[in-house]
Structure formats: structure tokens, C-alpha cells
Amino acid sequence: MNKIFIGIILVSLAYGLLTGRYVEMATSILSLPEEALSLVCTLVFSATFWSGIMTIMYDSGLIHQIAIALDPLLKRIMPNLKDQEAKNYIAMNISANIFELGFAATPAGLKAMKRLKEISTEKDSRVASDEMVTFLVLNTAGVTILPTTVMAIRQKYGAVNPADFLLLAFVGTLLSCIGGLLLDKLFRSFSKRKTK
């Protein structure tokens, strides 16, 4: 991947030199650090704010309530999962993904995966359990109701209404999550037939 990016940079520089756009190249190269710093500040401040909200939600017991609310859903998609600690971590991960807080979802996701590995009944430690695979699908194709990072970027770049895409984002992530779970179930049924 690094080679591809280096190639793109070299081709862009060569094109700029060959077409005589020295001033535009210099202006753009010199403005990049300022834009990057501004974007990073926007994202860091957004991440800090929402991480604080997640901590408050966890400390107040709201995450536990979300875990209870998600329990019927988790029972349907992970019927063999009985461990409450794993369910709490999964609920925290799903809650963070609902607000598109990948930086807050990752620690909870890692803890959930570690706990699922600890309680796994797989004989081979290198093989992921059904619950681990299903959780991976939930994590990567999770439903997003409030994509805070995208909204922060859109606001930073002057969108008139940074939240005008919320319905499309929700529908898109909902369909991808449903599709991922259906494929997970389909492949699981194929693998069970193969082992019989």
C-alpha cells in the first residue's frame, strides 16, 4: 500500500512539473499541514467529547440497560452466548458504533473478542467460534444512527446541513448489517452441513 501512495505522489509531482503548475503545487503543498492540523483538531475534539459521553453512559449504568435491551436481539443472532460480561462488552461496542465512535468501539470490541475467546468451546485455539464471527460482522457492519465523525468533517468543510444524510446513512448501515448477518448464517449452515 505504501508503494501505491508513493507512486501516486510521484506521478502527481511529475504531472505538476511537466504542466508548469509550480505555483499551484507549492501553494497546495504548503497549505496541507494547516488543513491537516485543522481536520485533526476537529476529529480529536469530537472524539474526546463523545468518548466522555460513552464513559458517562457506562458509569451511569446506561450501557448495562442497553445490554438488557439488546439481549433479545443477541439471543436470536447468538443463541449460544450466555456470558453476561461478553454481552456487556458487545453492547458497549454496538452503542459506540451507533454513534460512529470507532475510537470508543475498538477497546470494547477487543475486550468482547477476548472474552468470547476465553469462553469459546472450539478445540483448536486458532479457530474462531460462531459467536466471534457473528460479533465481527456486527462490529464491522454495525448500524449507525448518528455518524458523528462524518458530521464533524462535513461541518468543518462548510456543509449547509451537516446532518442531511442521516436517513441514508441509517438505511445503508442497517442493510449492510442485515446482509452481513444473513451471510454469516448462510455460511454457518453450509459449514455445519460439510462437517456432518
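Q: On a 1 Å grid over the protein atoms alone, a pocket is an open set of points with protein on both sides within 12 Å along at least five of seven lines, whereas a cavity is a set of points where a 1.4 Å probe fits but cannot get out; lining residues have an atom within 4 Å of a point. How much space lies in the second largest pocket?

A: Rolling a probe the size of a water molecule over the atoms shows where empty space is left. A volume is the space filled by probe spheres set on the grid points, which are joined across faces, edges and corners. In this structure, the second largest pocket holds about 300 Å³. The model is a predicted one, in which local features need pLDDT of at least 70 and side-chain atom pairs count only at pLDDT 80 or more, while totals for chains, interfaces and linings use all residues. Residues are numbered from 1 along each chain as its sequence is written, and side-chain values use heavy atoms, with hydrogens and water left out.

Q: Which element gives the most to the lining of the second largest pocket?

A: Helices (H or I, at least four residues) are DSSP runs numbered from the N terminus. Here helix H8 leads with 8 residues. Helix H3 (62-77) and H8 each supply at least two residues of this lining. Among the lining residues are Arg-76, Ile-77, Ile-178, Asp-184 and Arg-188. By class, the lining has 5 nonpolar, 2 polar and 5 charged residues; Ala, Val, Leu, Ile, Met, Phe, Trp, Tyr, Cys and Pro count as nonpolar, Asp, Glu, Lys and Arg as charged, and the others, Gly among them, as polar.

Q: How many residues line the largest pocket, and which lie nearest its centre?

A: The lining has 18 residues, and Thr-121, Glu-122, Ser-129, Asp-130 and Glu-131 lie nearest the centre. The volume of the largest pocket is about 420 Å³. H8 again provides the largest share, 6 residues, and helix H6 (130-140) also supplies at least two. The lining divides into 5 nonpolar, 6 polar and 7 charged residues.

Q: How many salt bridges does the count come to?

A: A salt bridge is a side-chain nitrogen of Lys or Arg within 4 Å of a carboxyl oxygen of Asp or Glu. The rule gives 8 salt bridges. One of them joins Asp-184 to Arg-188, with the closest N and O atoms 2.9 Å apart. These two residues stand 4 residues apart in helix H8, about one helical turn. Both Asp-184 and Arg-188 are buried, where buried means under 20% relative accessible area, exposed over 50% and partly exposed in between (1.4 Å probe, protein chains only).

Q: Where do Arg-115 and Asp-83 lie?

A: Arg-115 and Asp-83 form a salt bridge, their closest N and O atoms being 2.7 Å apart. Arg-115 is in helix H5 (residues 102-118) and Asp-83 in the loop between H3 and helix H4 (84-98), so the pair ties together parts that are 32 residues apart in sequence. Asp-83 is buried, at 17% relative accessible area.

Q: Which residues form the nonpolar patch on the surface?

A: Patches are made of residues with over 30% relative accessible area and no salt bridge, like charges being joined within 9 Å and nonpolar side chains (Val, Leu, Ile, Met, Phe, Trp, Tyr) within 5 Å. Accessible areas come from the Shrake-Rupley method with a 1.4 Å probe, and for residues only the protein chains shown count as cover. In this model, Ile-145, Leu-167, Phe-170, Val-171, Leu-174, Leu-175, Ile-178 and Leu-182 form the patch, with about 730 Å² of accessible area together. Leu-167 belongs to helix H8 (residues 166-195) and counts as exposed at 63% relative accessibility.
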